[in-house]
Amino acid sequence: MAHDKGLDNVAVHWPRTGQYYDPVAPAEFVDFGAIADASEIAAPTGALALHIAKTGTVRATAYTELVDLLLGLEGVLYATDAAAEDEDPVIDPDGCAWIAGGLERFVEGHEQFGDLVTFDTVAAVMRTAIAGGRLPEQQLRWLDHRLAALRDDAGNAPHWSFARTELAILAGFYRRCAERGFAVFADY
């Protein structure tokens, strides 16, 4: 899925009360700012937490391929299912809980691989998770197909480099939305 502009995931009140969704006040996320001030936090983690605290928004472009792979769908953060049905591109509170849960399980599963999340460590975490599940051979074939599709024409993997804590903050944004009954508007 290619989009020309960047993607913002904006916390909004659910359901909408008129023609438009009302953005959630950043005060609902102010505690994320304390995370940004912690001295041991990686710079990208702090930057994400501070941006959420100030705006109630995630600049989601960098995470779209990863989230799609982890959740097994295309365009998750773009809310493409809703857009395809002539609805606004919104992730409802239940969808936010689903995204948060998938990210939380991944962050937990990645602990044994350290704090640096790369294409190779994502593949390893997913293989480990699939091996213990139902129909592992079929799921591993699906995963291999998805991983191959993410490589460029020369066979190079995406240059993912995330801090595990950064993905925990990302999960925390969607969890907060789910717990407080907010939706997320995909603005691109």
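Strand 3 and strand 6 pair in the antiparallel sense, with two bridges between them. They belong to an open sheet of four strands, ordered 2-1-6-3 with antiparallel pairing. The model here is predicted: local features need pLDDT of at least 70, side-chain atom pairs count only at pLDDT 80 or more, and totals for chains, interfaces and linings use all residues. Residues are numbered from 1 along each chain as its sequence is written, and side-chain values use heavy atoms, with hydrogens and water left out.

A quick word on terms: helices (H or I, at least four residues) and strands (E, at least two) are DSSP runs, numbered from the N terminus. Two strands pair if DSSP finds at least two bridges between them.

**The sheet**

- Strands of a sheet pair through backbone hydrogen bonds, either parallel or antiparallel.
- The edges are strand 2 (57-59) and strand 3 (90-91), each of which pairs on one side only.
- Helix 5 (residues 93-110) packs on the sheet, where it touches strand 3 and strand 6 (182-187). Its direction makes about 80° with that of strand 6; angles like this run from 0 to 180 degrees between N-to-C directions, and axes are lines fitted to C-alpha atoms, for helices over the stretch in contact.
- Strand 1 (residues 8-13) runs antiparallel to strand 2, and three bridges join them. Asp8 stands opposite Arg59 in strand 2.
- Strand 1 also pairs with strand 6 in the antiparallel sense, over six bridges.
- Which residue of strand 6 is the bridge partner of Val10? That's Phe185, and Phe185 is the bridge partner of Val90 too.

**Thr57 in strand 2**

- Thr57 sits in strand 2 and counts as buried, at 8% relative accessibility. Buried means under 20% relative accessible area, exposed means over 50%, and partly exposed is in between (1.4 Å probe, protein chains only).
- Leaving aside neighbours within four places in sequence, Thr57 is in contact with Asp8, Asn9, Val10, His51, Ile52 and Phe173. Contact means heavy atoms within 4.5 Å.
- Thr57 and Glu40 are 17 residues apart in sequence, and their C-alpha atoms are 23 Å apart in space.

**Helix 5 against helix 8**

- Two packed helices are described by the angle between their axes and the distance between the axes.
- For helix 5 and helix 8 (residues 164-180), the axes come within 8 Å and cross at roughly 155°.
- The two helices are therefore roughly antiparallel to each other. For reference, angles under 35 degrees count as roughly parallel, over 145 as roughly antiparallel, 65 to 115 as roughly perpendicular and the rest as oblique.
- The crossing is left-handed, meaning that the near helix is turned anticlockwise from the far one by less than a right angle; clockwise would be right-handed.
- On the helix 5 side, the residues that meet helix 8 include Pro93, Cys96, Ile99, Leu103, Phe106 and His110. Among their counterparts in helix 8 are Arg164, Leu167, Leu170, Tyr174 and Cys177.
- The buried residues of helix 8 include Leu167, Ile169, Leu170, Phe173, Tyr174 and Cys177.
- The expected span is 1.5 Å times one less than the number of residues.
- Just after helix 8, Gly181 takes a positive phi of about 75°.

**Helix 6**

- Helix 6 (119-131) has 13 residues that should span 18 Å at 1.5 Å a residue, which agrees with end C-alpha atoms 18 Å apart.
- Phe119, Thr121, Val122, Ala123, Val125, Met126 and Ile130 are buried in helix 6.
- What covers those buried residues includes helix 3, helix 5, strand 4 (116-117) and helix 7.

- The peptide bond from Trp14 to Pro15 is cis, with omega near -15°. Pro15 is in the loop between strand 1 and helix 1 (32-37).
- Ala79 has a positive phi, near 55°, and isn't a glycine. Ala79 lies in the loop between helix 3 (64-71) and helix 4 (80-84), and at 8% relative accessibility Ala79 counts as buried.
- Leu135 isn't a glycine either, yet takes a positive phi of about 50°. Leu135 is in the loop between helix 6 and helix 7 (136-150) and is partly exposed, with a relative accessible area of 46%.
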